[in-house]
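Subject: Structure handover

Hello,

Here is the structure I said I would pass on. Please keep it open while you read the notes below.

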Amino acid sequence: MLLFEVTDTSSILLIASLLEEDIRVLAKEKTRQLEPVQPDHQAASPRVAEKMPELPAAALGTSDTELALAMLAADVRMIGDAAYAQALQHSDDAASIASQQYAQQLVAAEKMLLLDTAYARRLQELEDRGEVVGDPATNDAEKILGKRQIDSILAENPNEKEKGKGKARAFAVPDESDLFQPTSPTCGICFDEFQLVHSPINASDVHNVGSSKKLPFGIAMPCPASHMYCQGCLVQYIKGKVDPLNDGSGNPSTVVFPIRCPGCPITAGENGIPDDVAARVLTEKEMLTWHHQKVLDSASRLYCPNKHCSALVHAAESIGEPIAQCTACSEVICVPCRVSWHENLSCDEYQALPSDERSPEDQQALQLMRAEHWRRCPDCHFIVELTHGCNHIVCRCGCNFCFKCGAKWNLKKSKCTRIPSCENWDEDMLYEEQERRRETVRTGAEAHVHVPPLAHAANNNADDLAWMLTPGALYRPHWFTKGMVADLTCGYCKTRLNSLAELRYHLSRARGHQVYACCGRFFLRAEDLDSHVRNKPRYPHENQVRRQATVTT
C-alpha cells in the first residue's frame, strides 16, 4: 500500500519499481498455473475482450496456450500503467500538502512581524509620553498590546486582499511590500530606510522590542528643509566635528560650532544642531565631549598671522606680555593687535595706519620708500620718485602735490598748500640722491640713508661747510684747495662734481672718506691740519672741520 505522506520523487520511483517487480512475479506464477485451453473467443471475459488488442489474421491459427499468454501480457501492462498513474497522483498530493505548509509558515511569519511592529510602536508611544520602558512589566506583549488587539492581528485573513479580484487563492503568500512599508523615510547620508522616532538614543536602549531584523532608528532635523538621518550616520557626522581623534579630547585647533545640518548649504543661514537634538542621538559620554568642545570654542584663540602657518598659538592676553611666539614657525606676534610684531611702532600707531600699510610686506615697502626718498600720492597712494626737476609733481591720476612735503599743490599760487610753503626747487635733495648713487657704486651695495628729506637741517654736519659758498671764503692759493675748486673734483675720493654747491654737499655728506678743513683751506691728512694749527697759533682757526671716514654697512 502506498503512503500518502511520501513527497519526494526518489521514494515515488522506488515504489513504482517495486510494483513493477510484483507484477512480473505475478505474471510468472499465472503462466505456470495456466492450463491449455481451446481458443474460444466467445468465452473470453468482457473485460479482457474489451481491452485485448486485435490480433492479426495470422495469429488466429495459433494454439490456445500462445493466445492465453498474449492476453496475460496485455493485462500485466494495463496493471503497470494503472500503478504508475496512481504513483503520480500521490506525488501531486504530497507537493500540494508541502506548498500548503510553506504558505502557512509565511502567514505565521507575517502575523509575527505585525505583532512585533505593533509592540515596538506601542513601546515608543509610551517612551515619548515619558513612561518607564525598562520595567519588566513592559516585556509582556499581551499586557502592552492587550488580548483584543493580539486576537485581531492573529485573526486577519490574508485572502481578504483578493476580494473583488476573482476567486480567492487557497493559501495566499504574503507579498514583500506588505511586510515593509514603502513610506519609511530614508537617511540623507547612507540612503537606507529607518524608523522615524523622537529620540533614537532612548529607542535604541529598549531591549526585546521585536525581531533582530528591525530597521534602525532615525530623526528629523529642525532645519528649514527638515532633513532626515539615521542615528548611526548623524552620530558619526557630529563626532567627526567635535572629536576627530575619537579620544574625548575634542577639537582644540578648530572652531566647530555651530554644526550645521549635513544637507543644508553654508548659505542657508541655519543656526546649527541645537543641544536638545544632540542629546536625542548622542550617549552621555558623547554629550560630555559636545559640551567640552563648546567651552573650547568660547575661549579666546590666537592664530599665527603667518599665511604659511596659521597654527593655534597659546598666549595670555596681558598688557605686561604683549608678545607671543608661534611654536610652529617661530613667528613673533603682537597679542593685542593679533598680527606679526610691528617693529618701531606702538599698538596705537599701528592701528592708526591705513589697512593697506599694516602687513609686514607693506611695512617693508614703506621702509624702502623712506630710504629711497620716494613720495606717495595723497589721492591714489601711488609711489613716485623725483629724478630731476622741481618739487611740483603731477601724478598719473591727475593729482598735483609737493614732492618735498606731500601736501596738495596750489596751481594758482604755484606753491604747495603747506604753511610755510616749500621751495619749488630743493637742490640739496637732488644732491643727496646723486650722493647716494655714487656711494652705492663705490661700495657695491645699497647704502640707504634712513633720513627723510625734511630732516637734513637738523644734521650737525649739514651746514659745517656752508662757508664754501661765501665769496672770498676759500683760500685758493692753497694747493690742495685750489685743485678741488678749479677742477670741481673731490680731492679725497676723486669724484667729479658739476658745481661748487654740489661739491660742498658732497663734502658735507661724505661717508666713505675723511674731510679736514680750517681757515678756508682743505687738508689731505689729519697731520696736515694739526701742523697748520700749530704753526699759526694766533689765528682764530674758524670753520674748522675734522671728520673721519665712516664705514657704511
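A search of the whole structure finds six salt bridges, a salt bridge being a side-chain nitrogen of Lys or Arg within 4 Å of a carboxyl oxygen of Asp or Glu. Before the details, two remarks on the source. This is a predicted model, in which local features need pLDDT of at least 70 and side-chain atom pairs count only at pLDDT 80 or more, while totals for chains, interfaces and linings use all residues. Residues are numbered from 1 along each chain as its sequence is written, and side-chain values use heavy atoms, with hydrogens and water left out.

Salt bridges

One of the salt bridges joins Asp530 and Arg546, at 3.0 Å from N to O. This pair links distant parts of the chain: Asp530 is in helix α16 (residues 526-535) and Arg546 is in strand β17 (residues 545-547), 16 residues apart. Helices (H or I, at least four residues) and strands (E, at least two) are DSSP runs, numbered from the N terminus. Asp530 is partly exposed, with a relative accessible area of 27%, and Arg546 is also partly exposed, at 42%. On this scale, buried means under 20% relative accessible area, exposed means over 50%, and partly exposed is in between (1.4 Å probe, protein chains only).

Another salt bridge is formed by Lys408 and Asp379, whose closest N and O atoms are 3.3 Å apart. Lys408 lies in the loop between β12 (400-402) and β13 (409-410), and Asp379 in the loop between β9 (375-376) and β10 (383-384), so the pair ties together parts that are 29 residues apart in sequence. Lys408 is partly exposed at 38%, and Asp379 is partly exposed at 44%.

The side chains of Asp276 and Arg280 also meet in a salt bridge, at 3.9 Å from N to O. Asp276 is partly exposed, with a relative accessible area of 46%, whereas Arg280 is buried, at 17%.

Nonpolar cores

In soluble globular proteins, nonpolar side chains tend to be buried together. A nonpolar core here is a set of buried Ala, Val, Leu, Ile, Met, Phe, Trp, Tyr and Cys residues joined through side-chain atoms within 4.5 Å. The largest one has 25 residues, and those with the most contacts inside it include Met221, Leu234, Ile238 and Trp290. Two or more residues each come from β3 (228-230), α8 (231-242), α9 (275-279) and α10 (284-298). The most is given by α8, with six residues.

What does Ile238 touch, leaving aside its neighbours within four places in sequence? Ile238 is in contact with Ile273, Val281, Leu282 and Trp290, where contact means heavy atoms within 4.5 Å. Apart from this core lies another, of 22 residues, among them Met468, Leu507, Ala510 and Tyr516.

Glu286 lies in helix α10. Is Glu286 buried or exposed? Glu286 is buried, with a relative accessible area of 19%. Leaving aside its neighbours within four places in sequence, Glu286 is in contact with Val235 and Lys239.

Cysteines

A disulfide is a pair of cysteine sulfur atoms within 2.5 Å, and by this rule the count comes to zero. Cys390 is in no disulfide, and the nearest cysteine sulfur, that of Cys402, is 9.1 Å away. Cys390 is partly exposed, at 26% relative accessibility, and Cys397 is partly exposed, at 40%.

Regards
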